[in-house]
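Let's take a walk through this structure together.

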Amino acid sequence: MSDAASPDITPAAAGAPATATAGGATQETTTVVEFTQVGKTYDTGYTAIKDVTFRVDDVPGHMEIVGILGPSGCGKSTVLRLIAGLTPQHPATTGIVKVMGKPVEAPGADRGFVFQDYTSFDHRTVEQNIAFGLECRGTPANERLELARDWIQKVGLDVKRDADKYPHELSGGMRQRVALARTLVLKPRVILMDEPFGALDPKTRYAMQDQLVALSREVQATVFLVTHSIEEAVYVGDRLFVFSNAPGTILQEMSIPAPDRPARVMQREPDFLDIVFSVRDLVEGLEMSDRAGT
Ligand SMILES: Nc1ncnc2c1ncn2[C@@H]1O[C@H](COP(=O)(O)OP(=O)(O)OP(=O)(O)O)[C@@H](O)[C@H]1O
Ligand SMILES: [Mg+2]
C-alpha cells in the first residue's frame with residue numbers, strides 16, 4: 001500500500017501493453033481473458049450487457065485479482081458465466097470472448113467457478129467433495145486423497161475434525177472454504193467468484209479474503225471476483241472494473257495497490273479507507289452521470 005497522502009488509484013485503459021517488466025527484464029505476457037465489444041441479449045429480448053471490452057494479461061509471477069463492482073442486475077454474473085462458457089449466458093450475442101487466446105466454446109478445466117451458494121454435494125463428505133473434480137479427471141485414489149487433505153488444511157479446515165463431515169454439518173464459512181478448496185485443488189488458470197463471501201460474518205470474511213489472496217498467488221491463478229463490497233474489491237483487487245447500470249458496460253477500470261497485510265489490519269488503516277472513499281465517490285459519480293445519460 002502506498003504511503004502517499006493521496007489515494008493510489010490509477011485509471012487504466014482497457015488493453016494494456018502485452019509486455020511486463022519483471023526483475024528489470026522485459027518479458028512477453030499471455031492474455032488470459034479478453035472481451036472485445038461483447039454484448040448479451042437473452043432470448044427474452046433483454047440486453048444485459050453491451051460493448052464490454054477489457055483484457056487481463058498473465059504477468060509472470062504476478063497474477064491479477066480483478067474486482068468487479070456494479071449495481072444489481074448490471075450483468076456481472078453474465079460476464080463471469082460468459083468467461084466460464086456456461087449457458088444460457090454463453091454464447092455472447094455480439095463480440096468475442098477469449099480465454100488464453102482462444103474463443104470460449106464450452107466450460108473447461110482451465111476455469112474454476114466458486115458460486116455464492118457454496119455448491120457442494122450433500123451426500124459427499126468434505127474430503128470427497130474436494131476430491132470430486134480430481135476423480136472426474138481420473139487422478140488415482142491415493143493421490144486425490146492426499147491432495148484433498150492438503151487443501152482441507154490450506155483453506156483453514158482441520159483434517160481430523162472436518163474431513164468426514166457432510167455439508168449439512170458445516171457452518172456457512174466452513175462450506176465456503178470447501179467450495180474454495182474444491183476449485184483450487186484443480187489449479188485452474190482462471191478462478192471466477194460470484195459474491196462468494198456475501199453471507200459470511202465480518203471476521204470469517206476477512207479470513208477468507210486473506211486466504212483467497214494467498215492461495216490464488218500460490219496456484220498462480222487470475223481471479224475475477226464479483227462483490228457488492230467496495231472494501232472487499234479494494235482489498236483483494238489489483239484491478240477494478242466498475243460497471244454501469246443495465247445494459248452493463250465498463251464505466252471505469254482502475255489499478256489498485258495489492259494487499260500486503262492481513263485484511264483485518266489493512267481495512268482499518270487511513271490509507272486504505274482513503275482509497276475506499278475515492279472509489280465510492282467515483283462509483284456514485286459514475287452512477288449519477290450514467291443515470292443522467294452523460
Ligand atoms: N437466463 C436469463 N434470461 C433472461 N434474462 C436474464 C437471464 N439471466 C440474467 N438475466 C437478466 O440479465 C440482467 C443481468 O443479470 P446478471 O445476473 O448478470 O446481473 P448481476 O449484475 O449479476 O446482478 P446481481 O448483482 O443482482 O447478482 C438482469 O436483468 C437479469 O434479469
Ligand atoms: Mg449476480
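This is a predicted model: local features need pLDDT of at least 70, side-chain atom pairs count only at pLDDT 80 or more; totals for chains, interfaces and linings use all residues.

Now head for the largest nonpolar core, which has 75 residues. The members that touch the most others are Ile68, Ile83, Ile130, Ala181, Leu192, Phe224 and Leu225. In soluble globular proteins, nonpolar side chains tend to be buried together. Pick out Ile83 and check what surrounds it: leaving aside residues up to four places away in sequence, Ile83 touches Val33, Val97, Val99, Val104, Arg111, Val190, Leu192 and Phe224.

Next comes a sheet. Four strands line up as β5-β4-β7-β8 in an open sheet with antiparallel pairing. Strands β5 (47-58) and β8 (102-103) are at the edges with a single partner strand each, so one side of each has no neighbour in the sheet. Further in, β4 (residues 30-41) and β7 (residues 94-99) run antiparallel and are joined by 5 bridges. Along that pair, you'll find Thr36 opposite Ile96 in β7.

Last stop: Ile250, in strand β13 (residues 250-255). Is Ile250 buried or exposed? Ile250 is buried, because 20 other C-beta atoms lie within 10 Å. Follow the chain from Asp51 to Ile250 and you'll find them 199 residues apart in sequence, yet their C-alpha atoms are 8.3 Å apart in space.

Notes
Residues are numbered from 1 along each chain as its sequence is written. Chains are lettered from A and ligands numbered from 1 in the order in which they are written. A nonpolar core is a set of buried Ala, Val, Leu, Ile, Met, Phe, Trp, Tyr and Cys residues joined through C-beta atoms within 7 Å. A residue is buried if 20 or more other C-beta atoms lie within 10 Å of its own, exposed if 12 or fewer, and partly exposed in between; C-beta atoms are placed from the backbone. Two residues are in contact if their C-beta atoms, placed from the backbone, lie within 7 Å. Two strands pair if DSSP finds at least two bridges between them. Helices (H or I, at least four residues) and strands (E, at least two) are DSSP runs, numbered from the N terminus.
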